[in-house]
Amino acid sequence: MGKRKSRSAKSAAPKKKLPKLDKVFTCPFCSHPGSVECRIEPELEIAEASCGICEESYSTTAHSLTEPIDVYAEWIDECELANENPPRRLLRPPAAPELRQRR
C-alpha cells in the first residue's frame, strides 16, 4: 500500500501582492498633479480631500473600509453631478397674475 500524502507536501500558492493605491491626487479645480491629499479619521467617521494649492476641499462620511481613493472618486463624482445639473436662473421674475388680467 502507498503512503498517504502529507499536508505539508502540498505547497500553498504564494499570495499575490495587491497594488498600492494612491494617496495623493490631481485637483479637479486647479489641475495641479499631486496637490490633493486625503485624510480619514475613522474615530470621527469623517474623510476629507483637500487641495494644497487652491485650497478647495471636500468632506464626506467614512467607515472602516474607506480608502483615500474612495474619497477622491466621490469628490469627482460630485463635481461631475454639479456640472451636469447647473442651477436654473430666471432672466426676469414672472409677472404677477393681476398684471396679466388687466391687459
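Helices (H or I, at least four residues) and strands (E, at least two) are DSSP runs, numbered from the N terminus. This is a predicted model, in which local features need pLDDT of at least 70 and side-chain atom pairs count only at pLDDT 80 or more, while totals for chains, interfaces and linings use all residues. Residues are numbered from 1 along each chain as its sequence is written, and side-chain values use heavy atoms, with hydrogens and water left out.

**View 1. Secondary structure and surface of the chain**. The chain has 2 helices and 4 strands, in the order β-β-β-β-α-α from the N terminus. Of its 103 residues, 17% are buried (buried means under 20% relative accessible area, exposed over 50%, partly exposed in between; 1.4 Å probe, protein chains only). The accessible surface is about 9,800 Å², and carbon and sulfur atoms hold 52% of that area (Shrake-Rupley method with a 1.4 Å probe; for residues, only the protein chains shown count as cover). Among contacts with a separation of 6 or more, 31% link residues 24 or more positions apart (contact means heavy atoms within 4.5 Å).

**View 2. Helix H1 and its buried residues**. Helix H1 covers residues 68-84, and its 17 residues should span 24 Å at 1.5 Å a residue (the expected span is 1.5 Å times one less than the number of residues). The end C-alpha atoms of H1 are 25 Å apart, which agrees with that span. Pro68, Val71, Tyr72, Trp75 and Cys79 are the buried residues shown in H1. They lie on the same side of H1 because they cover an arc of only 95° around the axis (the arc is that of the directions from the helix axis to the C-beta atoms). The buried residues of H1 pack against strands S1 (24-25), S2 (36-41), S3 (46-51) and S4 (57-61).

**View 3. Threonine 60 and its surroundings**. Threonine 60 is in strand S4, and counts as buried because its relative accessibility is 16%. Its side chain makes a polar contact of 2.8 Å with that of glutamate 74 (a pair of N or O atoms within 3.5 Å; within protein, one must be able to donate a hydrogen and the other to accept it, and residues adjacent in sequence count only if both atoms are side-chain atoms). Leaving aside residues up to four places away in sequence, threonine 60 touches Glu45, Ile46, Ala47, Val71 and Glu74. Glutamate 45 is 15 residues from threonine 60 along the chain, with 8.5 Å between their C-alpha atoms.

**View 4. Salt bridges of arginine 39**. The whole structure contains 2 salt bridges (a side-chain nitrogen of Lys or Arg within 4 Å of a carboxyl oxygen of Asp or Glu). Arginine 39 pairs with glutamate 37, where the closest N and O atoms are 3.6 Å apart, and with glutamate 48 at 3.3 Å, N to O. Shared partners join Glu37, Arg39 and Glu48 into one network. Glutamate 37 is partly exposed at 42% relative accessibility, arginine 39 is partly exposed at 37%, and glutamate 48 is partly exposed at 26%.
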